[in-house]
Amino acid sequence: FTVTRKETTPFDGQKPGTSGLRKKVTVFKQPHYLHNFVQSTFNALPADKVKGATLVVSGDGRYFSKDAVQIIIKMAAANGVRRVWVGQDSLLSTPAVSAVIRERVGADGSKATGAFILTASHNPGGPHEDFGIKYNMENGGPAPEAITDNIYANTKIIKEYLIAEDLPDIDISVISVSSFSGPGGPFDVDVFDSTTDYVKLMKSIFDFKSIQKLLACPKFTFCYDALHGVAGIYAKRIFVGELGANESSLLNCTPKEDFGGGHPDPNLTYAKELVAKMGLGKLSSEHEPPEFGAAADGDADRNMILGKRFFVTPSDSVAIIAANAVDAIPYFASGLKGVARSMPTSAALDVVAKNLNLKFFEVPTGWKFFGNLMDAGLCSVCGEESFGTGSDHIREKDGIWAVLAWLSILAFKNKDKLNGEKLVTVEDIVRGHWATYGRHYYTRYDYENVDAGAAKQLMEHLVNLQSSLDNLNKAIKEIRSDVSDVAQADEFEYKDPVDGSVSKHQGIRFLFADGSRLVFRLSGTGSEGATIRVYIEQYENDSTKTGRDSQEALAPLVEVAIKLSKMEGFTGRSAPTVIT
Ligand code: VG1
Ligand code: CO
């Protein structure tokens with residue numbers, strides 16, 4: 001092949017957000033748009049991570065992925081990359097990409113040093129919906145801010161990109177290696193099986209035999225919904241192929257470019273079919289719900305865990321996994337190095353860390369902040385309130401891993417009960433946890449796609465309120481007299497304990513004297529307008545009061561949050577788009 005230099009001019013707004021660049025497909029389809037971002041990434045990386053390097057390119061299979069893969073292959077060739085690894089049909093879940101970077105060794109001994117992941121995660125897909133791209137590093141984790149800032153700086157000054165226009169399109173539906181020769185030497189494209197490396201890793205972490213026994217027990221019924229995302233191919237291999245679950249326990253496990261028209265976000269609002277099947281929500285059906293249900297987002301890094309007629313909050317989920325990991329999961333048998341959560345995630349994990357005497361870290365939203373801690377051997381298990389849970393087996397959150405962790409805990413708790421009368425249920429485990437550690441009532445209100453200017457004004461208003469604690473508390477008491485005082489109000493700032501880098505403006509916090517919290521953030525993953533997230537939390541350690549309905553228990557704080565922020569005044573919204 002030959003290398004062509006194409007002239008181009010910068011596009012505005014190619015700044016990677018919480019997790020890469022996410023825009024409407026119509027934006028990505030503009031001539032040179034994707035090219036500019038890919039070239040800017042190559043320009044931002046150290047030369048040895050491009051020239052002669054091995055790169056992974058794949059994603060959740062959403063609309064435009066197939067075109068994007070061919071473009072990136074041609075640009076990689078032209079930029080001197082030695083080989084590109086592509087999952088069959090360009091499918092690899094985000095956690096599988098992380099595993100492939102860390103674990104896969106090519107036939108010639110090669111190892112990958114990075115990846116382009118093609119996903120907009122939980123955002124809908126299709127010609128009029130979202131596409132996304134993000135770069136992951138040699139440790140398997142998302143590029144840190146120093147790199148994403150550098151990519152963005154390059155997008156603003158780009159003048160040309162390199163592409164091998166005469167390289168033929170690669171048939172990515174067939175596992176095979178295609179070899180080419182260019183001006184800089186040989187170039188290979190290796191299309192490989194999307195599930196093998198990931199499945200092998202999962203088998204090295206969990207006791208598959210004990211999960212098999214649980215799933216074989218007629219009293220234990222199981223259900224998994226991939227929402228037509230990439231998780232489906234892993235669910236088939238692992239839950240059915242390896243663990244013996246019935247094919248009929250899988251919902252929506254065939255990946256689709258538009259996720260079947262749905263919103264591939266595993267929460268109580270968007271995973272409607274599963275929620276109904278589990279006996280939750282208005283649509284709940286007549287039949288007896290399964291004992292365990294779970295769902296994933298488009299790129300399979302998120303998870304929702306449900307019991308029969310029971311929802312496990314993601315903040316509780318990570319705390320419960322941490323509390324049981326050593327007993328139930330062989331990978332952690334020798335102990336946890338530490339645990340971490342994102343700032344808006346509830347403090348349920350903090351209480352576990354304290355009781356078990358574990359190192360504990362609170363980081364800003366987004367998985368990239370956990371990576372440094374894990375690389376330094378400081379953290380084993382971590383999680384976010386946004387349905388993200390994971391461990392140091394890779395450097396991304398991992399939806400299937402979380403399900404296997406829960407199945408392991410259930411298998412452990414039921415190991416002597418499989419022939420008995422009654423199984424320990426998901427609900428029993430959660431209620432038992434609250435009885436030991438107390439309960440963090442928790443909810444998140446999302447106001448999606450509000451006017452960006454209005455959202456900014458609302459945030460400024462909140463920051464202004466923080467200038468006087470006295471006035472703030474007066475204002476709050478006028479809204480509700482039955483909430484405790486705000487003891488500290490600030491914007492969260494994080495100093496990375498490993499590299500000393502500082503991240504500012506990571507969310508507006510109101511910390512109450514009784515341990516309650518209100519947090520406000522603007523989303524960094526949307527593609528249109530702004531999304532305001534309001535996180536509301538209250539701690540209760542009187543075990544007679546941990547069984548209340550969560551929305552009811554949180555009603556006073558919710559009222560304070562909405563009125564204090566003047567939500568309706570600024571945004572015109574009288575209700576959130578999504579409550580989780
Ligand atoms: C959201 C979540 C955050 C998560 C991020 C990426 O970010 O709040 O916790 O890490 O999505 O998840 P934001 O900035 O919109 O609040 V994924 O599964 O979309 O890559
Ligand atoms: Co995701």
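Predicted model: local features only at pLDDT ≥ 70, side-chain atom pairs only at ≥ 80, totals over all residues.

Colleague: At what angle do α2 and α3 pack, and how far apart are their axes?

Modeller: The angle is about 45 degrees, and the axes are 10 Å apart. That makes α2 oblique to α3.

Colleague: Left-handed or right-handed crossing there?

Modeller: Right-handed, as α2 passes α3.

Colleague: And what about α10 and α13, which hand does that crossing have?

Modeller: That crossing of α10 and α13 is left-handed. Helix α10 covers residues 314–328 and helix α13 residues 399–413, with axes that come within 10 Å and cross at roughly 55 degrees. So α10 and α13 are oblique to each other.

Colleague: Which residues meet between α10 and α13?

Modeller: From α10 you have Ser317, Ile321, Asn324, Asp327 and Ala328, and they meet Ala402, Ala405, Ser408, Ile409 and Phe412 in α13. By class, the contact of α10 with α13 has six nonpolar, three polar and one charged residues.

Colleague: One more pair. How do α4 and α6 pack?

Modeller: At an angle of about 85 degrees, with axes 9 Å apart. That makes α4 roughly perpendicular to α6, because angles of 65 to 115 degrees count that way. Pro95, Ala96, Ala99, Val100 and Glu103 in α4 meet Asp197, Tyr198 and Leu201 in α6. By class, the contact of α4 with α6 has six nonpolar, no polar and two charged residues.

Colleague: While we're on α6, is Met202 buried or exposed?

Modeller: Met202 is found in helix α6, and it is buried, because 22 other C-beta atoms lie within 10 Å and 20 or more is enough to count.

Colleague: What is Met202 in contact with, leaving aside neighbours within four places in sequence?

Modeller: Ile238, Ile400, Trp401 and Leu404.

Colleague: Fine for a glycine. Which residues have a positive phi although they are not glycines?

Modeller: Ser90 is one of them, at about 60 degrees, and Phe259 is another, at about 50 degrees. For context, most residues other than glycine have a negative phi.

Colleague: Where are Ser90 and Phe259 placed?

Modeller: Both sit in loops: Ser90 is between β4 and α4, while Phe259 is between β11 and α9.

Colleague: Buried or exposed, those two?

Modeller: Ser90 counts as buried because it has 24 C-beta neighbours inside 10 Å. Phe259 counts as buried too, with 28 C-beta neighbours inside 10 Å.

Colleague: Switching to strands now. Where is Leu55 found?

Modeller: In strand β3, residues 54–59. Leu55 has 26 C-beta neighbours inside 10 Å, so it counts as buried.

Colleague: What does Leu55 contact, beyond neighbours within four places in sequence?

Modeller: Ala76, Val81, Val84, Ala112, Gly114, Ala115 and Phe116. Take Ala76: it is 21 residues from Leu55 along the chain, and their C-alpha atoms are separated by 8.4 Å.

Colleague: Last topic, the ligand. Which residues come nearest to ligand 1?

Modeller: Of the 18 residues around ligand 1, the nearest are Thr18, Ser121, Ser523, Gly524 and Thr525.

Colleague: And what is the shell around ligand 1 like by class?

Modeller: It has one nonpolar, 12 polar and five charged residues.

Methods:
Residues numbered from 1 in each chain as written. Chains lettered and ligands numbered in written order. Helix = DSSP H or I, 4+ residues; strand = E, 2+ residues; numbered from the N terminus. Buried ≥ 20, exposed ≤ 12 C-beta atoms within 10 Å, placed from the backbone. Contact = placed C-beta atoms within 7 Å. Axes fitted to C-alpha atoms, helices over the stretch in contact; angles between N-to-C directions. Parallel < 35°, antiparallel > 145°, perpendicular 65-115°, else oblique. Left-handed = near helix turned anticlockwise from the far one by under 90°. Near = placed C-beta within 6 Å. Nonpolar A, V, L, I, M, F, W, Y, C, P; charged D, E, K, R; others polar.
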